[in-house]
Amino acid sequence: MEIANNIVLTKPFSLRNDSDSDSEENYSAPNLLQRILSLLKNVRPGSDLTLFQLPPLFNFPKSQLQCYGESVYSTSSDLLSKCNTGQCKIERLISVVAWSISTTRPPLFGVAPYNPILGETHHVSKGNLNVLLEQVLHHPSVSALHATDETENIEIIWCQYPAAKFNGTSVEAQVHGKRKLRLLNHGETYEMNSPNLFIRILPVTGVDWIGNVNIRCIETGLVAELSYISQSFFGFGGNRRLIKGKIIDSLTSKVLFRVNGHWDSTVTLKDTSNGEERVIYDAKEVISRLQAPTVKDAEVTTNAQYVCICARTCFICLHYTVS
């Protein structure tokens with residue numbers, strides 16, 4: 001199949017500032033709050049929104065698969081390689097914690113990516129990192145990710161799906177599933193989950209990540225327990241986007257480190273044995289001013305088995321080599 005030479009990818013989600021005139025914030029529907037209230041007027045509190053049909057007006061030009069993939073390959077700093085180069089098991093876990101935090105990207109209120117169609121794929125090669133995603137189930141909407149870095153001998157496996165519930169004045173999307181990060185040079189597998197997306201509709205609109213994330217190394221018994229917290233009072237003011245937690249040796253139940261900070265700013269680690277504190281994650285260095293990847297080579301395939309019946313332009317199977 002012949003491909004146009006001017007393929008353009010949308011910018012990945014990143015920390016935004018006043019100078020980002022072409023940022024994702026431009027994707028918004030007119031009279032947004034009124035339209036959302038109109039959509040939900042017949043939805044009872046506690047209702048499952050998994051099968052809720054979102055009009056295309058609320059979509060921005062990006063597939064959910066691409067959003068998942070960008071959290072792995074769109075970074076300004078290579079935190080993934082640092083997971084492998086740690087000199088001891090504790091340093092490697094700390095690097096995995098920082099990498100896990102880096103996959104948390106600033107969400108936007110009132111807009112969402114397109115739901116992937118069954119069989120849709122998103123495949124990106126960036127340097128030594130190869131990332132492949134596929135929509136493997138339609139109901140529930142299960143997405144799978146497999147990534148490898150052959151130089152660092154790292155493998156990543158995800159399989160997850162969101163389940164949204166309407167709570168009257170807000171919507172919470174719980175992200176079910178597990179993520180695995182394997183450091184094959186060290187024979188270590190780290191299992192973790194994802195925070196949940198919290199969308200506040202009234203009294204003040206807002207969106208944030210909340211909930212508990214546990215990162216466990218099966219072989220060493222080291223565990224990181226993180227809590228994503230939004231402390232704004234009914235949406236007014238408050239200290240938002242907090243992250244707190246601790247690193248524990250589960251074999252002895254000893255707390256080794258305390259984690260504290262903001263996932264969209266800096267996160268620090270405090271050694272409980274001597275009180276020493278250091279920055280393990282700086283969002284401005286990792287997810288700030290991310291640019292749209294430049295497509296160097298593209299392969300396009302179509303699969304006649306899957307027929308899209310939704311009212312939008314379909315995404316087809318794409319393989320990008322990007323820089």
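In which strand is D271 found? D271 is found in strand β14, which covers residues 266-271. The model is predicted. The protein has five helices and 17 strands, and buried residues make up 48% of its 323 residues.

**Overall picture**
- The accessible surface of the protein comes to about 16,200 Å², and 50% of that surface belongs to carbon and sulfur atoms.
- Among contacts between residues at least 6 apart in sequence, 54% join residues at least 24 apart.

**Strand β14 and its partners**
- Strand β13 (residues 254-262) pairs with β14 in the antiparallel sense, over five bridges.
- In this pairing, V259 of the protein stands opposite L269 in β14.
- A hairpin of three residues joins β13 to β14.
- Strand β15 (residues 277-282) also runs antiparallel to β14, and five bridges join the two.
- T266 stands opposite D282 in β15.
- The hairpin of β14 and β15 has five residues between the strands, and G275 takes a positive phi near 80° there.

- D271 is buried yet has no salt bridge.
- The nearest side chain of opposite charge belongs to R278, 7.1 Å away; a salt bridge would need the charged atoms within 4 Å.
- The side chain of D271 does make a polar contact with the side chain of S273, at 2.6 Å.
- Leaving aside residues up to four places away in sequence, D271 touches L256, F257 and E276.

**Salt bridges elsewhere**
- Side chains of opposite charge can pair when their charged atoms come close.
- The count of salt bridges comes to seven.
- One of them joins K180 and E191, with the closest N and O atoms 3.7 Å apart.
- K180 lies in strand β7 (residues 170-183) and E191 in strand β8 (residues 188-192), 11 residues apart.
- K180 counts as partly exposed because its relative accessibility is 28%, and E191 counts as partly exposed at 24%.

- D208 forms a salt bridge with R241, the closest N and O atoms being 3.9 Å apart.
- D208 lies in strand β10 (residues 206-217) and R241 in the loop between β11 and β12, so this pair ties together parts that are 33 residues apart in sequence.
- Both D208 and R241 are buried.
- R241 also forms a salt bridge with D264, with the closest N and O atoms 3.5 Å apart.
- D264 is in the loop between β13 and β14, 23 residues from R241.
- R241 is buried, with a relative accessible area of 12%, whereas D264 is partly exposed at 22%.
- Salt bridges that share partners join D208, R241 and D264 into one network.

Conventions. Residues are numbered from 1 along each chain as its sequence is written. This is a predicted model: local features need pLDDT of at least 70, side-chain atom pairs count only at pLDDT 80 or more; totals for chains, interfaces and linings use all residues. Side-chain values use heavy atoms; hydrogens and water are left out. Helices (H or I, at least four residues) and strands (E, at least two) are DSSP runs, numbered from the N terminus. Buried means under 20% relative accessible area, exposed over 50%, partly exposed in between (1.4 Å probe, protein chains only). Lys and Arg count as positive and Asp and Glu as negative; His and the chain ends are not counted. A polar contact is a pair of N or O atoms within 3.5 Å; within protein, one must be able to donate a hydrogen and the other to accept it, and residues adjacent in sequence count only if both atoms are side-chain atoms. Contact means heavy atoms within 4.5 Å. Accessible areas come from the Shrake-Rupley method with a 1.4 Å probe; for residues, only the protein chains shown count as cover. Two strands pair if DSSP finds at least two bridges between them.
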